[in-house]
Amino acid sequence: MDENQEEEIWRKFQAREEEIERKKMAVKDKIQQRLGFAEEATRSLTQTLEGLEIMGDPMRKEVGMVRKKIEMANREIKSLSQSCQKKEKEYKEIQEAFDEKNKEKAHLVSILMELLAESERVRVKKLEEINKTVGSLR
């Protein structure tokens, strides 16, 4: 592999890494937004609940509906959190695979360099032998 190919592979990897990081951040931002919304909704609903409790039984049905909405928001938050954790795990696995392949590549490049050096030594030796043979023929 020449340097241009290696640089291109590296650039592609970096682009994928950046895309993964952007997606990870987007998921985290979405979770934070939903969490903030849920917290604000919880506060608002708590105040509403207190107001409804003061009013008495006629509002019990609405209170139940609000509680269900809070539970739904909590489930969404949990789902988003699990998704974020899954993406982080995938990212780590991909990073480890990349590092392993990079090590393997480095090892193969060093083997290639050794083979090329040995090949060059053998060729030079054969050329010297041929040169001696040609010299002795004169």
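Residues are classed here by relative accessible area, buried meaning under 20%, exposed over 50% and partly exposed in between, with a 1.4 Å probe and protein chains only as cover. On this scale A106, at a relative accessible area of 48%, is partly exposed. The model is a predicted one, in which local features need pLDDT of at least 70 and side-chain atom pairs count only at pLDDT 80 or more, whereas totals for chains, interfaces and linings use all residues. Residues are numbered from 1 along each chain as its sequence is written, and side-chain values use heavy atoms, with hydrogens and water left out.

Helices are taken as DSSP runs (H or I, at least four residues; strands, by comparison, are runs of E of at least two) and are numbered from the N terminus. Helix α1 covers residues 3–55, and helix α2 covers residues 60–137. The C-alpha atom of S79 lies 9.5 Å from that of I31, although 48 residues separate the two along the chain.

An unreviewed UniProt entry lists residues 70–104 as "coiled-coil region"; UniProt positions are given in the numbering used here, feature names are shortened, and annotations may be inferred rather than shown by experiment. In the model, this span is 100% helix and 0% strand, and its end C-alpha atoms are 51 Å apart.

Side chains of opposite charge can pair when their charged atoms come close. With a salt bridge defined as a side-chain nitrogen of Lys or Arg within 4 Å of a carboxyl oxygen of Asp or Glu, the count comes to ten salt bridges. One of these joins E19 to R22, with the closest N and O atoms 2.7 Å apart; both residues lie in helix α1, three residues apart, or about one turn of the helix. E19 is partly exposed at a relative accessible area of 33%, and R22 counts as partly exposed at 48% relative accessibility. A further salt bridge links R11 and E7, whose closest N and O atoms are 3.3 Å apart. R11 and E7 are separated by about one helical turn because they stand four residues apart in helix α1. R11, at 48% relative accessibility, counts as partly exposed, and E7 is partly exposed as well, with a relative accessible area of 36%.

The side chains of R43 and E40 also meet in a salt bridge, at 3.6 Å from N to O. These two residues are three apart in helix α1, so that about one helical turn separates R43 from E40. R43 counts as partly exposed at 46% relative accessibility, and E40 counts as partly exposed at 46% relative accessibility. Elsewhere, salt bridges that share partners join E7, E8 and R11 into one network.

Surface patches were assembled from residues with over 30% relative accessible area and no salt bridge, like charges being joined within 9 Å and nonpolar side chains (Val, Leu, Ile, Met, Phe, Trp, Tyr) within 5 Å. Accessible areas come from the Shrake-Rupley method with a 1.4 Å probe, and for residues only the protein chains shown count as cover. Lys and Arg count as positive and Asp and Glu as negative, while His and the chain ends are not counted; the place of a charge is taken as NZ of Lys, CZ of Arg, CG of Asp or CD of Glu. Under these criteria, a patch of negative charge on the surface gathers E93, E96, D99 and E100. E93 is found in helix α2 and is partly exposed, with a relative accessible area of 43%. A nonpolar surface patch is formed by V109, L112, M113 and L116, which together have about 360 Å² of accessible area. Of these residues, M113 lies in helix α2 and counts as exposed, because its relative accessibility is 52%.
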